[in-house]
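Subject: Structure handover and notes

Dear colleague,

Please find below the structure that I am handing over to you. My notes follow it, and they begin with a single residue before turning to the chain as a whole.

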Amino acid sequence: MDTLTALPLWIQGVAAALLVTGGFFAFVGALGLLRFPDFYMRLHAPTKASTLGLGGVLLASMLLAWARGQAGLHELLIAFFVFVTAPVSANLLAMAALHLRLPSKAPVPPDQPQP
C-alpha cells in the first residue's frame, strides 16, 4: 500500500489545500513578473507572492513528513534560507536599480519633488 494513501484523510486534505494555495501564490508571482510595467513593480511580485507560494508547498511537505513520523527538518531549512535570502536579494536588486537610475512608472506622491 502506498504511504500517502495510508495517511488520514484530513491530513491529505490539509496538504492538498496548502499545495493549491502555494501554487496559487506562485502563479500570482509569475503573472506579476510578466504583467507589471517596470522593474520595481516586477521585483515586488516574485519576492512576495512566490515566497508565500513556496511557504505553502513547504508547509504541505512538512505536514506529510510529520504524518509519516519524520521531523521535516529539510523543509524547515529550505524555508529558513528562502525567507532570509529573498528579501536580501530583492533589496540588493532594488539598490542596484536605484544606483543605475532606472525609471519607474509609479505615480509620484504630491508632496515629493518632481524629477
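At 8% relative accessibility, G32 counts as buried, where buried means under 20% relative accessible area, exposed means over 50%, and partly exposed lies in between, with a 1.4 Å probe and protein chains only. G32 is found in helix α1, which covers residues 9-35; helices (H or I, at least four residues) and strands (E, at least two) are DSSP runs, numbered from the N terminus. Not counting residues up to four places away in sequence, G32 touches R42 and A45, with contact meaning heavy atoms within 4.5 Å. G32 and Q112, by comparison, are 80 residues apart in sequence and 27 Å apart in space, C-alpha to C-alpha.

Before going further, please bear in mind that this is a predicted model, in which local features need pLDDT of at least 70 and side-chain atom pairs count only at pLDDT 80 or more, while totals for chains, interfaces and linings use all residues. Residues are numbered from 1 along each chain as its sequence is written, and side-chain values use heavy atoms, with hydrogens and water left out.

Taken along the principal axes, the C-alpha atoms fill a box of roughly 65 × 25 × 25 Å. Of the 115 residues, 23% count as buried, and residues 24 or more positions apart account for 68% of the contacts with a separation of 6 or more.

T47 lies in helix α2, residues 39-67, and, leaving aside its neighbours within four places in sequence, T47 is in contact with A86 and A90.

The UniProt record, an unreviewed entry, carries the annotation "transmembrane region" for residues 14-37, 49-66 and 78-98; its positions are given in the numbering used here, feature names are shortened, and annotations may be inferred rather than shown by experiment. In the model, residues 49-66 are 100% helix and 0% strand, with the end C-alpha atoms 26 Å apart. Residues 78-98 are likewise 100% helix and 0% strand, and their end C-alpha atoms lie 30 Å apart.

Two residues that follow the last of these spans may also deserve a look. R101 lies in the segment after α3, a helix that covers 73-99, and its phi is near 55°, a positive value in a residue other than glycine. At 74% relative accessibility, R101 counts as exposed. V108 also lies in the segment after α3, but at 37% relative accessibility V108 counts as partly exposed. V108 and V88 are 20 residues apart in sequence and 25 Å apart in space, C-alpha to C-alpha.
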